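User: I would like to go through this model before setting up any calculations. Could you start with the confidence and then move to the strands?

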Amino acid sequence: MLLVIAILLVLVLIGIARCIVIVPQSNAYVTEWLGVYKDTWGAGLHLRTPFVERVSRKVSLKEEAADFPPQPVITRDNVTMMIDTVVFFQVFDAKLFAYGVNRPIQAIENLSATTLRDIIGSMSLDETLTSRDLINTKITASLDEATDRWGIKVNRVELKNIEPPAEIRQAMEKQMKADREKRASILLAEGEKQAAITRAEGEKESAILRAEAVKQQRIREAEALLMVQKAKADSIRLINEAAPSQNMLALRSMEAMEKVADGQATKIIVPSEMQNLAATVAAIKES
């Protein structure tokens, strides 16, 4: 009898323990009453009715990232490329998530692939490669609107990789190489141009300096010649003002002849006029 009571007590305790449900943070439990939706439990302690009430779905309310495999898409200019996307979503309604769609992750993947094909199909290859932000925004808006009835909020969609065909990649690499070589040639030509301009300016300044030096030298020579001529003019003026006599002029002439005779010359020709002057000078000395 005691054994039966103990067994019943254990069963009661197990039943009570099974009626206590603790929901973790950032989770939601969907409950059913005899197979029909009853309630959505948030985080905390809950009691359920045994045998008739059960937890049908445990839903995480955290943001999740779904990395989908590459999808083949065709651009407006008929270029097939592979694009893989990453969808960041979060459940905001556990009931809609549990009953709105079967296999919601797969549904998001299929919807993402079709939306991506529609968007890329209206764009060219160059637009696709340079408009990632625009594509991300369009896909996010489209998926968020479509998944509202599933209780899912699509926060953002990122294009993880865009892989064009091999021949397109080779052509793009050649184009990039040609652009780099073009820029290098332009920079080299600009450098040579600047160097030529610098050399020309240097030669110009050098020529100007040389011309200025020649000019200054000629000015100095002209000034020196002018000074010499002025000195001669002043000496002539002074002589004229002094009014020297003929005897003084004759004496100066003889002194000049003496200086000439002091040189290395071995023969001096004296004009006849000078002989008369010599006689005059002798007379002057005697007097």
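Analyst: The mean pLDDT of the protein is 81, and 83% of its residues reach 70 or more; pLDDT is the predictor's confidence in each residue, from 0 to 100. This is a predicted model, in which local features need pLDDT of at least 70 and side-chain atom pairs count only at pLDDT 80 or more, while totals for chains, interfaces and linings use all residues. Residues are numbered from 1 along each chain as its sequence is written, and side-chain values use heavy atoms, with hydrogens and water left out.

User: Where is confidence lowest, and where is it highest?

Analyst: Confidence is lowest in helix α8 (residues 272–286), at a mean of 50, and highest in strand β2 (residues 27–33), at 93.

User: How many helices and strands does the protein have?

Analyst: There are eight helices and nine strands. Helices (H or I, at least four residues) and strands (E, at least two) are DSSP runs, numbered from the N terminus.

User: What share of the residues counts as buried?

Analyst: Of the 287 residues, 23% count as buried. Buried means under 20% relative accessible area, exposed over 50%, and partly exposed in between (1.4 Å probe, protein chains only). The accessible surface comes to about 20300 Å², and 59% of this belongs to carbon and sulfur atoms; the areas come from the Shrake-Rupley method with a 1.4 Å probe, and for residues only the protein chains shown count as cover.

User: Back to β2. In what order do the strands of the open sheet come?

Analyst: The order is β3-β2-β5, with antiparallel pairing. The edge strands are β3 (36–41) and β5 (53–60), each of which pairs on one side only. Neighbouring strands of this sheet are turned by 25° against each other on average, direction ignored. Two strands pair if DSSP finds at least two bridges between them.

User: Why is β2 described as largely enclosed?

Analyst: Six of the seven residues of β2 are buried, so the strand is largely enclosed by the rest of the structure.

User: Next, backbone torsions. Which residue takes a positive phi in the hairpin of β2 and β3?

Analyst: Leucine 34 does, with phi near 55°, in a hairpin that has two residues between the strands. Most residues other than glycine have a negative phi. Serine 26 also has a positive phi, of about 60°, and is placed in the loop between β1 (20–23) and β2. Phenylalanine 51 has a phi near 75° and sits in the loop between β4 (44–47) and β5.

User: Is phenylalanine 51 buried or exposed?

Analyst: Phenylalanine 51 counts as exposed because its relative accessibility is 83%. Serine 26, at 28%, counts as partly exposed.

User: Which strands does β8 pair with?

Analyst: Strand β8 (residues 80–91) is mostly covered, with nine of its 12 residues buried. Four bridges join β8 to strand β6 (residues 64–67) in antiparallel fashion, and strand β7 (residues 71–74) pairs with β8 in the antiparallel sense over four bridges. A further antiparallel pairing joins β8 to strand β9 (residues 152–163) through 10 bridges. Phenylalanine 89 of β8 is the bridge partner of glutamate 64 and stands opposite valine 154 in β9. Proline 72 has methionine 82 as its bridge partner in β8. In the hairpin of β7 and β8, which has five residues between the strands, asparagine 78 takes a positive phi near 60°.

User: One last residue. What does leucine 125 touch?

Analyst: Leucine 125 lies in helix α4 (residues 125–130) and is buried, with a relative accessible area of 8%. Not counting residues up to four places away in sequence, leucine 125 touches Thr75, Asp77, Val79, Met81 and Ile168, where contact means heavy atoms within 4.5 Å. Leucine 125 and threonine 80 are 45 residues apart in sequence and 9.2 Å apart in space, C-alpha to C-alpha.

Terms used
Axes are lines fitted to C-alpha atoms, for helices over the stretch in contact, and angles run from 0 to 180 degrees between N-to-C directions.
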